[in-house]
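Dear colleague,

I am handing over the structure we spoke about, and below it you will find a description of what came out of the analysis. Please read the notes with the structure open beside them.

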Amino acid sequence: MTCKDCGKTIGPQQYKASKDSLGITLCERHSKLIKRVILDNNTPLEAIHLFYALKEAGVHPMLEWWDGKKSVDIAISRVKLNIEIDKDYNMITHEQAINDLEDAMHSFKNGFTTVRIPHLAIKYYLDETVENILGIISGLKANIKAI
Ligand SMILES: [Zn+2]
């Protein structure tokens, strides 16, 4: 078993520890790093899973990227794509809903596209979610070339 981040070989104990707490295989160092990110930003686990799935797909994502105003769950800077994971639609307040839309508008004005992905899509359809994001990335690349 190897760490999904650095490829370092990990023992069965570390495998179980990181699988149980994070749902992915990471070495001790990377487990600590990711847990720190989660503590600091309240990052949903699905964002971590998507981050590593995108990495595997050859994308260069950034986790909890600071855009100057707020932290974005996942950013793909080459195509100025921000990905936010929606935790739970039923938990969202109306203030949160309009704030999210306003944030998306500000990012859009700065040339960033914001995609909101429900956490359930990542939980149950990780491969399809990655496929769709890859499609969005190639669409954005085409647009950049067109300008
Ligand atoms: Zn590692």
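Read from the N terminus, the elements of the protein follow the order α-α-α-β-β-β-α-β-α-α, which amounts to six helices and four strands. Please keep in mind throughout that this is a predicted model. The radius of gyration is 16 Å, close to the 15 Å that the globule rule gives for 147 residues, so the protein is as compact as a globular protein of that length. Taken along the principal axes, the C-alpha atoms fill a box of roughly 50 × 40 × 30 Å, and 24% of the 147 residues count as buried.

Eight residues from domain 1 and eight residues from domain 2 take part in the contact between them. On the side of domain 1 that touches domain 2, helix α2 (residues 28-41) supplies the largest share, namely four residues, and the residues of that side divide into five nonpolar, two polar and one charged.

Strand β3 is mostly covered, with five of its six residues buried. With strand β2 (residues 71-76), β3 pairs in the antiparallel sense over three bridges, and I74 stands opposite I83 in β3. These two strands, β2 and β3, form a hairpin that has four residues between them, and K80 in the turn has a positive phi of about 50°. With strand β4 (residues 113-118), by contrast, β3 runs parallel, and six bridges join the two; here D86 stands opposite P118 in β4.

Is G139 buried, exposed or partly exposed? It counts as partly exposed, because G139 has 13 C-beta neighbours inside 10 Å, whereas a residue would need 20 or more to be buried and 12 or fewer to be exposed. The C-alpha atoms of G139 and V79 are separated by 9.4 Å, although the two residues are 60 residues apart along the chain.

With best regards

Technical notes
Residues numbered from 1 in each chain as written. Predicted model: local features only at pLDDT ≥ 70, side-chain atom pairs only at ≥ 80, totals over all residues. Contact = placed C-beta atoms within 7 Å. Nonpolar A, V, L, I, M, F, W, Y, C, P; charged D, E, K, R; others polar. Rg over C-alpha atoms; globule rule 2.2 N^0.38 Å. Pairing = 2+ DSSP bridges.
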